[in-house]
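I opened the model today to look up pockets, salt bridges and a few side chains. My entries are below.

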Amino acid sequence: MRVITLKQPWATLVAEGIKEYEFRTWKLNYRGELLIHAGVSIDKEAMKRVEHLNLKYPKSRILAKVEISDCIELNKEICEIINKKNPLIYGNKIRNGYAWKLTNIKKIEIKDEISGKQGIWYYDL
């Protein structure tokens with residue numbers, strides 16, 4: 001199955017259904033299931049913003065299965081729409097690139113520690 005590694009807290013925020021868009025500089029033509037993997041890296045600034053949520057942020061674990069339902073090319077107008085959906089998570093950045101729309105988010109528990117990789121990679125469930 002396809003997998004993408006995200007820094008924490010982003011991986012947990014996706015798994016919890018709080019973050020519905022993943023931002024990338026590259027277009028993705030694939031639509032379908034994707035596993036969300038929490039890497040070992042941490043976005044310290046983002047962790048400070050969401051610490052009040054009192055969530056657990058495991059590392060080196062697959063946390064969720066989602067579906068990529070769309071890949072939206074970003075511009076100022078689209079960024080503003082996404083940002084308004086959840087200012088805590090998306091801030092007020094005007095981004096370049098693409099927003100992958102994540103739907104059918106389901107938390108899963110895989111106890112194994114798994115090393116992440118860059119880009120899309122594969123893991124057998």
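The entries start with the ground rules and then go through the pockets, the salt bridges and one lysine.

**Ground rules**

I am working on a predicted model, where local features need pLDDT of at least 70, side-chain atom pairs count only at pLDDT 80 or more, and totals for chains, interfaces and linings use all residues. Residues are numbered from 1 along each chain as its sequence is written, and side-chain values use heavy atoms, with hydrogens and water left out.

**Largest pocket**

I looked up the largest pocket and read a volume of about 610 Å³. Of its 30 lining residues, Lys7, Trp10, Glu22, Arg24 and Asp43 are the closest to the centre. Two or more lining residues come from each of β1 (2-8), β2, β3 (32-42), α2 (44-50) and α4 (87-90). β3 gives the most, with 4 residues. I noted the make-up of the lining as 9 nonpolar, 11 polar and 10 charged.

Terms for this entry. A pocket is an open set of points on a 1 Å grid over the protein atoms alone, where a 1.4 Å probe fits, with protein on both sides within 12 Å along at least five of seven lines; lining residues have an atom within 4 Å of a point. Its volume is the space filled by probe spheres set on the points, which are joined across faces, edges and corners. Helices (H or I, at least four residues) and strands (E, at least two) are DSSP runs, numbered from the N terminus. Ala, Val, Leu, Ile, Met, Phe, Trp, Tyr, Cys and Pro count as nonpolar, Asp, Glu, Lys and Arg as charged, and the others, Gly among them, as polar.

**Arg24**

I went to Arg24 next. It is found in strand β2 (residues 21-24). Is Arg24 buried or exposed? Its relative accessible area is 19%, so Arg24 is buried (under 20% is buried, over 50% exposed, in between partly exposed; 1.4 Å probe, protein chains only). Leaving aside neighbours within four places in sequence, I found Arg24 in contact (heavy atoms within 4.5 Å) with Ile4, Thr5, Leu6, Asn96, Gly97, Tyr98 and Trp100.

The side chains of Arg24 and Glu22 meet in a salt bridge at 2.9 Å, N to O. Here a salt bridge is a side-chain nitrogen of Lys or Arg within 4 Å of a carboxyl oxygen of Asp or Glu. Glu22 is buried, at 8% relative accessibility. I also noted a network of salt bridges that links Lys19, Glu22 and Arg24.

**Other salt bridges**

How many salt bridges are there? The count comes to 9. I picked out two further pairs.

Lys107 and Glu16 meet through their side chains at 2.8 Å, N to O. Lys107 lies in strand β5 (residues 98-107) and Glu16 in the loop between α1 and β2, so the pair ties together parts that are 91 residues apart in sequence. Lys107 is exposed, at 53% relative accessibility. Glu16 is partly exposed, at 33%.

Glu45 forms a salt bridge with Arg49, with the closest N and O atoms 3.9 Å apart. Both lie in helix α2, 4 residues apart, about one turn of the helix. Glu45 counts as exposed at 58% relative accessibility, and Arg49 as partly exposed at 31%.

**Second largest pocket**

I then looked up the second largest pocket, with a volume of about 310 Å³. Which of its 14 lining residues are the closest to its centre? They are Pro58, Leu63, Lys107, Ile108 and Glu109. α1 (10-15) and β4 (61-73) each supply at least two lining residues. The largest share, 3 residues, comes from β4. This lining divides into 7 nonpolar, 1 polar and 6 charged residues.

**Lys101**

My last stop was Lys101, in strand β5. Lys101 is buried, with a relative accessible area of 16%. Leaving aside neighbours within four places in sequence, I listed its contacts as Glu20, Tyr21, Glu67, Ile68, Ser69 and Asp70. The C-alpha atoms of Lys101 and Glu20 are separated by 6.1 Å, while the two residues are 81 apart along the chain.
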